Amino acid sequence: MALDTVQTHAPGQVMATGLFTGRSGIVTGAGSGIGRAVALRLMALGMDVTGTGRRSEPLAETQAMAATLPGRFHIESCDMRDAAASEAMVARVGDARGIDLLVNNAGGQFYAPATGISRKGWDAVIDVNLSAIFTVTRAAYPWLKERRGAVVSISLSGVDRGSKGLAHSIAARAGVLGMSRSMALEWAEDGIRLNCIGPGIVTTEGLESPTAQKMLQSLLAATPAGRATTPEEVAELIAFLASDAGRLMTGQMIHIDGAAHLGAGLHMID
């Protein structure tokens, strides 16, 4: 008696094998954390991924982890704050493989009350979390238009309500949301979709220190679902938004945070 073949997936993985075969994407900050998880999941689904980062060593580790996956990994060492370098990187990828997906994941911030943020610190966070994203997204436009592609930008939980200790970063991420919605209107006729994702507390290697663990427990207590978001959950959501199933979703802010943005909020200082 013949039996149907059952395709098995890891928990939470629902996208079809081979979904992105023949497609090309860019994932910024692909050397660790969310960026690495996104790159690996896209490659598992067949996409050729260009991973960017300031240092080549973490990117090489991601490449090694992807050795047996269907999609290929291409390394582009690039400081996204360097506008000319990021524009040149996008052009190289677009000319070589086209661009179906851009994932704006690279970013960074420090925690401080607003009174403790200098103008230099403010400018640095705005530059990496807003201006750099505008530059790379605008640069990708011709190739995204050609492929009727998608852009997904990693934001923060509660970007529309504020977070103590993150005035600079919230301002930048809120700017990305406004930018994405404006571009979603302008580029809709080109078939380009732009969305933002607001993860809650994401479990990455950056939360291993005792101090970080203490903060983690406090933040988890403020999350109604009672647990952190995994990088793999973020990656699966991005795969959905990049797929044809998400072709009518654009200009959205999608929280994947266990309702943290509805509860007490995630605050980095008391």
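Here is a short chat about how some features of this predicted model get their labels.

Me: What makes strands E3 and E7 the edges of the sheet?
Reply: Happy to walk through that! The open sheet has 7 strands in the order E3-E2-E1-E4-E5-E6-E7, with parallel pairing. Strand E3 (73-77) and strand E7 (253-256) each have a single partner strand, so one side of each has no neighbour in the sheet. On average, neighbouring strands here are turned by 20° against each other, direction ignored.

Me: Which strands does helix H7 touch?
Reply: Helix H7 (residues 231-242) packs on the sheet and touches strand E4 (101-104), E5, E6 and E7. The direction of H7 makes about 165° with that of E6.

Me: And which strands does helix H2 lie across?
Reply: Helix H2 (residues 56-65) lies across strand E2 (48-53) and E3, and runs at about 175° to E3.

Me: Why is H4 called roughly parallel to H5?
Reply: Good one! The axes of helix H4 (residues 119-147) and helix H5 (residues 167-187) cross at roughly 15° and come within 8 Å. Angles under 35 degrees count as roughly parallel, so H4 is roughly parallel to H5. The crossing of H4 past H5 is right-handed.

Me: Which residues make that contact between H4 and H5?
Reply: On the H4 side they include Trp-122, Ile-126, Leu-130 and Phe-134, and on the H5 side Ala-171, Val-176, Met-179 and Trp-187 are among them. The contact residues of H4 and H5 divide into 14 nonpolar, 5 polar and 2 charged.

Me: Why is Leu-266 called buried?
Reply: Buried means under 20% relative accessible area. Leu-266 has a relative accessible area of 8%, so Leu-266 is buried. You will find this residue in the segment after E7.

Me: Which residues is Leu-266 in contact with?
Reply: Leaving aside neighbours within four places in sequence, Leu-266 is in contact with Ser-157, Ser-163, Gly-200, Ile-201, Leu-219, Ala-222, Thr-223 and Ala-260. Take Ala-222: this residue is 44 residues from Leu-266 along the chain, while their C-alpha atoms are separated by 6.6 Å.

Conventions. Residues are numbered from 1 along each chain as its sequence is written. This is a predicted model: local features need pLDDT of at least 70, side-chain atom pairs count only at pLDDT 80 or more; totals for chains, interfaces and linings use all residues. Side-chain values use heavy atoms; hydrogens and water are left out. Two strands pair if DSSP finds at least two bridges between them. Helices (H or I, at least four residues) and strands (E, at least two) are DSSP runs, numbered from the N terminus. Axes are lines fitted to C-alpha atoms, for helices over the stretch in contact, and angles run from 0 to 180 degrees between N-to-C directions. Contact means heavy atoms within 4.5 Å. Angles under 35 degrees count as roughly parallel, over 145 as roughly antiparallel, 65 to 115 as roughly perpendicular and the rest as oblique. A crossing is left-handed if the near helix is turned anticlockwise from the far one by less than a right angle, and right-handed if clockwise. Ala, Val, Leu, Ile, Met, Phe, Trp, Tyr, Cys and Pro count as nonpolar, Asp, Glu, Lys and Arg as charged, and the others, Gly among them, as polar. Buried means under 20% relative accessible area, exposed over 50%, partly exposed in between (1.4 Å probe, protein chains only).
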